[in-house]
Amino acid sequence: MIDKRDLEACAALAREVTRMRERLHALQSLAQLGRITGGIIGGNGAPLNDSTGEGASAITDLMARMQGRIDQYAACARRVESAIAGIDSPCQRDILRMRYIDGLTWEQIGTRTHYHERWCRALHQRAIAPFSRPAHTQPPTAG
């Protein structure tokens, strides 16, 4: 059974992978620009000495780190998706997927669902109730 910390960790990985993809795209764009202008611009704005070597190395390093994070995220997303599948309400499942698998903000979730952000949060609170309870506690039984 996963808990709320697991859900948050998956969302953080989703956001990290998104940021890495954006950085990779920026590096690739700079590399393309460098081919056109004859040099690649580094992270500090200065041209790199070896445009093909340093630029390619930065891209390769980022891609390797990104692949490791994608693998972690994929495993996490499978566990979260399995847990979310147990939620009865399709709307609540969608909100949990958007929040914890897609890593979306409340504003983005509201836009996609056409619900007010506060209503999305309320649905979210209902949906995560089973994940917020300690696994070792059982509901009270009649005597």
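This is a predicted model: local features need pLDDT of at least 70, side-chain atom pairs count only at pLDDT 80 or more; totals for chains, interfaces and linings use all residues.
**Ground rules.** I number residues from 1 along each chain as its sequence is written, and my side-chain values use heavy atoms, with hydrogens and water left out. My helices are DSSP runs (H or I, at least four residues; strands would be E, at least two), numbered from the N terminus.

**Entry: α3.** I checked the length of helix α3, residues 90-101, first. Its 12 residues should span 16 Å at 1.5 Å a residue, and the end C-alpha atoms are 15 Å apart, which agrees; the expected span is 1.5 Å times one less than the number of residues.

Which residues of α3 are buried? I listed Gln-92, Arg-93, Ile-95, Leu-96, Met-98, Arg-99, Tyr-100 and Ile-101. Buried here is under 20% relative accessible area, exposed over 50%, partly exposed in between (1.4 Å probe, protein chains only). I looked up Gln-92 separately: its relative accessible area is 14%, so it counts as buried. Beyond four places in sequence, Gln-92 touches Ile-87, Leu-123, Arg-126 and Ala-127, contact being heavy atoms within 4.5 Å.

**Entry: α3 on α5.** I get axes that come within 9 Å and cross at roughly 90°. The two helices are therefore roughly perpendicular, a label for angles of 65 to 115 degrees (under 35 is roughly parallel, over 145 roughly antiparallel, the rest oblique). My axes are lines fitted to C-alpha atoms over the stretch in contact, with angles from 0 to 180 degrees between N-to-C directions. By residue kind, the contact has 9 nonpolar, 2 polar and 1 charged. I count Ala, Val, Leu, Ile, Met, Phe, Trp, Tyr, Cys and Pro as nonpolar, Asp, Glu, Lys and Arg as charged, and the others, Gly among them, as polar.

**Entry: α4 on α5.** Helix α4 (106-113) packs on α5 (117-132) at about 100°, axes 8 Å apart. From α4 I noted Trp-106, Glu-107, Ile-109, Gly-110 and Thr-113, meeting Glu-117, Cys-120, Arg-121 and His-124 of α5. This contact divides into 3 nonpolar, 3 polar and 3 charged.

**Entry: Arg-69.** I found Arg-69 in helix α2, residues 51-84, partly exposed at 27% relative accessible area. Leu-13 lies 56 residues away in sequence, yet 7.1 Å away C-alpha to C-alpha. Contacts of Arg-69 beyond four places are Leu-13, Glu-16, Val-17 and Met-20.
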